[in-house]
Amino acid sequence: MWRESHLRRLRLQHQITLRELEAVSGVSNQYISCAELGKTRAAVQLTGKMDTAIELLIANRKQELLLLEADFLKYRSRLLEAAEECKNE
């Protein structure tokens with residue numbers, strides 16, 4: 001009986017979609033899904049691509065969190081005050 005792969009477990013636990021993995025790895029989401037479900041044998045190249053893809057996603061999320069933190073610090077203790085109009089929104 002096939003057990004859940006580490007990739008699938010990480011992906012689900014951290015809300016990483018197959019499309020996100022596809023975008024950063026260049027591997028189709030269908031192939032990733034088949035590999036993580038054990039429906040196809042995962043090639044060594046795929047393992048390397050998934051390692052790199054997860055590393056890229058981690059770096060992207062760190063950057064997004066740093067931006068969120070910087071924005072939050074501007075408005076700390078004033079989050080529920082009326083915001084100024086912004087042409088970009």
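Q: What makes up the largest nonpolar core of the protein chain in this predicted model?
A: Twelve residues make up the largest nonpolar core, namely Leu7, Ile16, Leu18, Leu21, Val27, Ile32, Ala35, Leu46, Met50, Ala53, Ile54 and Leu57. They are called a core because the term covers buried residues of the listed nonpolar types joined through side-chain atoms within 4.5 Å. In soluble globular proteins, nonpolar side chains tend to be buried together.

Q: What is Leu21 in contact with, once its neighbours within four places in sequence are left aside?
A: Leu21 is in contact with Leu7, Arg11, Ile16, Gly26, Ile32, Met50, Ala53, Ile54 and Leu57. Leu21 is itself one of the twelve core residues. Each of these pairs is called a contact because heavy atoms lie within 4.5 Å.

Q: Why does Leu46 count as buried?
A: The relative accessibility of Leu46 is 6%, and buried means under 20%. Leu46 therefore counts as buried. This residue is found in helix α4.

Q: Which residues is Leu46 in contact with, leaving aside its neighbours within four places in sequence?
A: Leu46 is in contact with Val27, Tyr31 and Ala35. For Leu46 and Ala35, which are eleven residues apart along the chain, the C-alpha atoms are separated by 8.8 Å.

Q: Why does Ala83 count as exposed?
A: Exposed means over 50% relative accessible area, and Ala83 has 70% relative accessibility. Ala83 therefore counts as exposed. Its place is in the segment after α4. From Ala83 to Ser28 the separation is 55 residues in sequence and 42 Å in space, C-alpha to C-alpha.

Q: What is the phi of Gln15, and where is the place of this residue?
A: Gln15 has a positive phi of about 50 degrees, although it is not a glycine. It is placed in the loop between α1 (6-13) and α2.

Q: Why does Gln15 count as exposed?
A: At 62% relative accessibility, Gln15 is over the 50% cut-off and therefore counts as exposed.

Q: What is the phi of Ser77, and why does Ser77 count as exposed?
A: Ser77, which is not a glycine, has a positive phi of about 70 degrees. Its relative accessibility is 72%, and exposed means over 50%. Ser77 therefore counts as exposed. This residue lies in the segment after α4.

Q: How many helices and strands does the protein chain have?
A: The protein chain has four helices and zero strands. Along the sequence, the pattern is α-α-α-α.

Q: How does the radius of gyration of the protein chain stand against that of a compact globule of 89 residues?
A: The protein chain has a radius of gyration of 18 Å, whereas a compact globule of 89 residues would have one near 12 Å. Taken along the principal axes, the box filled by the C-alpha atoms is roughly 55 × 25 × 20 Å.

Q: What share of the residues of the protein chain counts as buried?
A: Of the 89 residues, 20% count as buried. The accessible surface comes to about 7,700 Å², with 54% of it belonging to carbon and sulfur atoms.

Q: How many positive and negative side chains does the protein chain have?
A: There are 14 positive and 13 negative side chains, and the centres of the two sets lie 9 Å apart.

Definitions and conventions: Residues are numbered from 1 along each chain as its sequence is written. This is a predicted model: local features need pLDDT of at least 70, side-chain atom pairs count only at pLDDT 80 or more; totals for chains, interfaces and linings use all residues. Side-chain values use heavy atoms; hydrogens and water are left out. Helices (H or I, at least four residues) and strands (E, at least two) are DSSP runs, numbered from the N terminus. The radius of gyration is taken over C-alpha atoms; the globule rule is 2.2 Å times the number of residues to the power 0.38. Buried means under 20% relative accessible area, exposed over 50%, partly exposed in between (1.4 Å probe, protein chains only). Accessible areas come from the Shrake-Rupley method with a 1.4 Å probe; for residues, only the protein chains shown count as cover. Lys and Arg count as positive and Asp and Glu as negative; His and the chain ends are not counted. The place of a charge is taken as NZ of Lys, CZ of Arg, CG of Asp or CD of Glu.
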